[in-house]
Amino acid sequence: MKAPTEPDRGEPPEAGARPPLLRELLLVAGLFLVYKFGRQLATGHTDDAFRNAHRVWDLERAVRLPGEGSVQSVLLHGDTLVHTANVFYAGVHFPATAAFLVWLYLRRPAHYVWARRVLAAVTAAALVVHLVFPLAPPRMLAATGLVDTARVFGPSVYGPPETDHLSNQFAAMPSLHFGWALMVAIGLIVATRSRRRWLWLLHPALTLLVVVGTANHYWLDAIVATALLGPALAVVHAPRRTAGTAGRGTARLSPAGDGVLVGAGR
């Protein structure tokens with residue numbers, strides 16, 4: 001059975017200039033290092049992070065968002081379920097995004113450039129939010145009554161905040177776990193043709209339930225991530241396939257150089 005990301009049988013890979021691999025590896029690595037360094041600059045604002053956490057929690061209750069505890073209570077029905085959620089949180093985020101970019105690079109190079117630019121824009125905007133609005137996650141806020149599932153059931157990717165020098169645990173907003181997962185789903189929906197490609201939306205949906213249920217993020221963290229992704233998608237336009245007279249022929253970039261794919265009509 002054909003996977004949702006696979007093109008129709010016999011469809012050639014997308015034509016177009018594939019960026020040099022070494023340059024892309026250096027670029028992506030550089031962006032990651034800049035982001036990690038930037039997050040470290042936002043550490044140390046503990047008092048602000050907890051004040052903001054109380055504000056976010058109170059705002060969610062004021063606008064009657066569902067309680068995060070309702071999701072966590074489902075996970076806590078069984079040790080296996082909550083442990084699986086923790087594994088998903090710790091182990092899916094980066095590998096899934098990397099696999100998405102690698103597949104686009106190999107099969108849809110024009111879409112790869114688009115997706116990489118969107119992810120870079122969203123991540124840069126998230127870094128600004130982390131710097132100006134440090135936020136303690138709900139697992140640290142006693143008022144939520146939530147359990148730190150990773151600490152209790154394992155596995156955990158974080159150590160005690162006072163000794164964890166590898167990550168900034170006060171950067172809950174926005175949730176890049178959710179933002180990146182949503183971009184992965186959108187990217188695969190745009191870049192593929194299968195009628196089942198909409199099933200990729202299950203990835204961000206599951207990610208949302210995991211990040212909320214494990215008490216690593218508030219609902220508002222995901223809402224802000226979506227709000228950042230929207231303008232990025234509006235500004236960075238995706239290549240699009242347009243029907244042409246060549247029928248089921250190969251795709252090519254339009255002469256205007258605007259990233260539009262023509263000649264890929266079915």
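**Close-up views of a predicted model**

**View 1. The buried side of helix α10.** In α10, the buried residues are Trp219, Leu220, Asp221, Ala222, Ala225, Leu229 and Ala232. This is a predicted model, so please read each view with that in mind. The buried residues of α10 find their packing partners in α2 (46–62), α3 (68–75), α6 (109–132), α8 (176–191) and α9 (202–213). Helix α10 itself runs over residues 219–235, and its 17 residues should span 24 Å at 1.5 Å a residue; the end C-alpha atoms are 25 Å apart, which agrees.

**View 2. The largest nonpolar core.** Welcome to a core of 38 residues, in which Phe100, Ala115, Val118 and Met183 have the most contacts. At least two residues of this core come from each of α3, α4 (79–91), α5 (93–107), α6, α8, α9 and α10. Helix α6 gives the largest share, 9 residues. Another core lies apart from this one; it has 14 residues, including Ala53, Phe170, Ala172 and Tyr218.

**View 3. The neighbours of Phe100.** Leaving aside residues up to four places away in sequence, Phe100 touches Ala115, Leu119, Met183, Val184, Gly187 and Leu188. Two of the names here, Ala115 and Met183, are also among the residues with the most contacts inside the largest nonpolar core.

**View 4. Where α5 meets α6.** These two helices pack at an angle of about 145°, and their axes are 6 Å apart. Their crossing is left-handed. From α5, Thr97, Phe100, Leu101, Leu104, Tyr105 and Arg107 take part, and they meet Pro109, His111, Tyr112, Ala115, Arg116 and Leu119 of α6. Sorted by class, this contact has 8 nonpolar, 2 polar and 2 charged residues.

**View 5. Two cis peptide bonds.** Look here for the bond from Gly154 to Pro155, which is cis with omega near -10°. Pro155 sits in the loop between α7 (149–153) and α8. The bond from Met173 to Pro174 is cis too, with omega near -5°, and Pro174 is likewise found in the loop between α7 and α8.

View 6. Arg64 is not a glycine, yet its phi is positive, at about 65°. Arg64 belongs to the loop between α2 and α3. With a relative accessible area of 74%, Arg64 is exposed. Ala215, also not a glycine, has a positive phi of about 65°, and its place is in the loop between α9 and α10. Ala215 counts as buried, at 0% relative accessibility.

Note on methods: Residues are numbered from 1 along each chain as its sequence is written. This is a predicted model: local features need pLDDT of at least 70, side-chain atom pairs count only at pLDDT 80 or more; totals for chains, interfaces and linings use all residues. Side-chain values use heavy atoms; hydrogens and water are left out. Helices (H or I, at least four residues) and strands (E, at least two) are DSSP runs, numbered from the N terminus. The expected span of a helix is 1.5 Å times one less than its number of residues. Buried means under 20% relative accessible area, exposed over 50%, partly exposed in between (1.4 Å probe, protein chains only). Contact means heavy atoms within 4.5 Å. A nonpolar core is a set of buried Ala, Val, Leu, Ile, Met, Phe, Trp, Tyr and Cys residues joined through side-chain atoms within 4.5 Å. Axes are lines fitted to C-alpha atoms, for helices over the stretch in contact, and angles run from 0 to 180 degrees between N-to-C directions. A crossing is left-handed if the near helix is turned anticlockwise from the far one by less than a right angle, and right-handed if clockwise. Ala, Val, Leu, Ile, Met, Phe, Trp, Tyr, Cys and Pro count as nonpolar, Asp, Glu, Lys and Arg as charged, and the others, Gly among them, as polar.
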